[in-house]
Amino acid sequence: METPNRMSERFLSPSETARRLGVGVRALRLYERKGLVCPGRTQAGWRVYGPNEIERLHQVLTLKSLGLSLARITQLLGGRTADLPALLALQEDVLTTRINDLQRARKSVQAARTKVVHDRRLSLEDLIHLVRETTMSAMNETRLAASAHQVLRDAIDPRLPGLYRGKVRDNYDLPDGRRILVTSDRLSAFDRVLNGVARWAFEQTADLCPNHVLDYPDPNIVVGRRLEILPVEIVVRGYLAGATSTSILTLYRAGRRQMYGQRLPDGLADNQALETPIITPTSKAADGAHDEPLTEGEILERGLLSQAQWRQVSETALALFARGQALAAERGLILADTKYEFGVDAEGTLRLADEIHTPDSSRYWRADTYPQRLAAGEPPDSFDKHVIRSWVAARCDPYKDDVPEIPPELIWKTALTYVEAHERITGRAFEPPEPAPPVRERVLAALGDFHGR
């Protein structure tokens, strides 16, 4: 590349380049650090972008619009063979999401205009709510991408006692009766999304049932009371949905109408609302085993719960689900089903454990597109890991076969879905982790406060 003696139309400063491309100067610096673009230098040492660099940036931004991570873009621009069908499928998903977002925004604006015509007024609160609704998904992806490397695979601290490793969390039982739960990224993208949603949901339901939470010393860490976890997992379902072997949709498709002690009528469509929400309890399987469907009679006969415990747990679960559905409806969402885990503390008080109403433990759908998709026999627009589950299920039996490596772009797309879910569910902006220090270093430092305690 030629070294310009002065600025000209052919060579642009970083600020002018950013303005013309509609990105931030910080984004340009990020692309430089990743090796995606290499600006030239003037004789005075100023960074400048010439025609080749501008074209390269256009390529980066085009691939980024597909939802690809910067690491994946680096590979593609470096000559790695592209999976064109997969990329085209991603582009179709991007366009579909964009169309749906625009349609939702347009309907919100139309509703506001109708209100003004009829009432001759629109409060400032209504206006602020409208703006938030129509711009909530406008996440600064450059800021998010800058933290994409902050992946927490584990948080093993050998100086803390009582380590138990779950599917997603690393847990420690302290001598004083507290339990530390550290959310990792082993299954979920952007771990603090789950902690953030669960924290909000615990706050919104504390009047219905006390929970195990004592403190949040870090966005990835929950300190809670140690509970005696009840041996029954409670799933509340408001719709005929699901993909696992124990889901009511799977059983219904197989011809079953009697399940979990409930009788479902004939003629229900996939993902149709049930007349009333039902509880579908399962046993808590040991590691490597699968949950087993249960009925109320089986729970009592096996002595898993007493009659009084079952009544309290079932009534509490239905009340929590009703609250969750009402809160979701306020955000334009449908809470289709969810899982609750209960435990008893040292004083015998029933408390909520684990998490509540997160995209991992719950099935959320977009309310505005649900009627049309149901009528067309299409699955609802969802906020969960279903896209990854479907990708895996189409390639292997996840219960028997080795799961193939999930493409980085699919992981990134799921991460963005989780971020949008956080903002939709809670109504609060998601703040990505800072690019530094490394998330594991930060989490272990926070765990250090509990040494010897």
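**Close-up views of the predicted model**

**View A. Five bridges join strand S5 (residues 178-183) to strand S7 (residues 221-225), and the two run antiparallel.** Helices (H or I, at least four residues) and strands (E, at least two) are DSSP runs, numbered from the N terminus. This is a predicted model, in which local features need pLDDT of at least 70 and side-chain atom pairs count only at pLDDT 80 or more, while totals for chains, interfaces and linings use all residues. Residues are numbered from 1 along each chain as its sequence is written, and side-chain values use heavy atoms, with hydrogens and water left out.

**View B. An open sheet of three strands has the order S8-S15-S16, with antiparallel pairing.** Its edges are strand S8 (228-229) and S16, each with a single partner strand, so one side of each is left without a neighbour in the sheet. Strand S15 (residues 342-344) is joined to S16 by three bridges, and the two run antiparallel. In this pairing, Gly343 stands opposite Arg351 of S16.

**View C. Helix H1 (residues 14-21) buries Pro14, Thr17, Ala18 and Leu21.** Seen down the axis of H1, the buried residues fall within an arc of 100°, so they line one face of the helix. Buried means under 20% relative accessible area, exposed over 50%, and partly exposed in between (1.4 Å probe, protein chains only). The arc is that of the directions from the helix axis to the C-beta atoms. An α-helix has 3.6 residues a turn, so residues three or four places apart point the same way. The cover over the buried residues of H1 includes helix H2 (25-33), strand S2 (47-48) and helix H3 (51-64). Gly22 follows H1, with a positive phi near 75°.

**View D. Helix H11 (residues 307-330) has 24 residues.** From its first C-alpha to its last, H11 reaches 35 Å, close to the 34 Å expected at 1.5 Å a residue; the expected span is 1.5 Å times one less than the number of residues. The buried residues of H11 include Trp310, Val313, Leu320, Phe321 and Leu327, and also Gly324 and Ala328. Just after H11, Gly332 takes a positive phi of about 75°.

**View E. Tyr260 and Asn271 have positive phi values, of about 55° for Tyr260 and about 70° for Asn271.** Tyr260 sits in the loop between strand S10 (258-259) and strand S11 (262-263), and at 6% relative accessibility Tyr260 counts as buried. Asn271 is in the loop between S11 and strand S12 (273-279). Asn271 is buried too, with a relative accessible area of 11%.

**View F. Thr246 lies in the loop between strand S9 (232-239) and helix H9 (248-253).** Thr246 is buried, at a relative accessible area of 16%. Leaving out residues up to four places away in sequence, Thr246 touches Arg237, Leu251, Tyr260, Asp291 and Pro293. A contact means heavy atoms within 4.5 Å.

**View G. Val151 is placed in the loop between helix H7 (141-145) and strand S3 (163-165).** With 32% relative accessibility, Val151 counts as partly exposed. Val151 and Pro438 are 287 residues apart along the chain, and their C-alpha atoms are separated by 8.5 Å. In the chain, confidence is lowest in H7, at a mean of 61, and highest in strand S16 (residues 350-352), at 97. Where pLDDT is low, the predicted coordinates should not be read in detail.

**View H. The chain has 15 helices and 17 strands.** Of its 453 residues, 45% count as buried. Among contacts between residues at least 6 apart in sequence, 64% join residues at least 24 apart. The mean pLDDT of the chain is 82, and 81% of its residues reach 70 or more.

Terms used
Pairing = 2+ DSSP bridges. pLDDT = per-residue confidence, 0-100.
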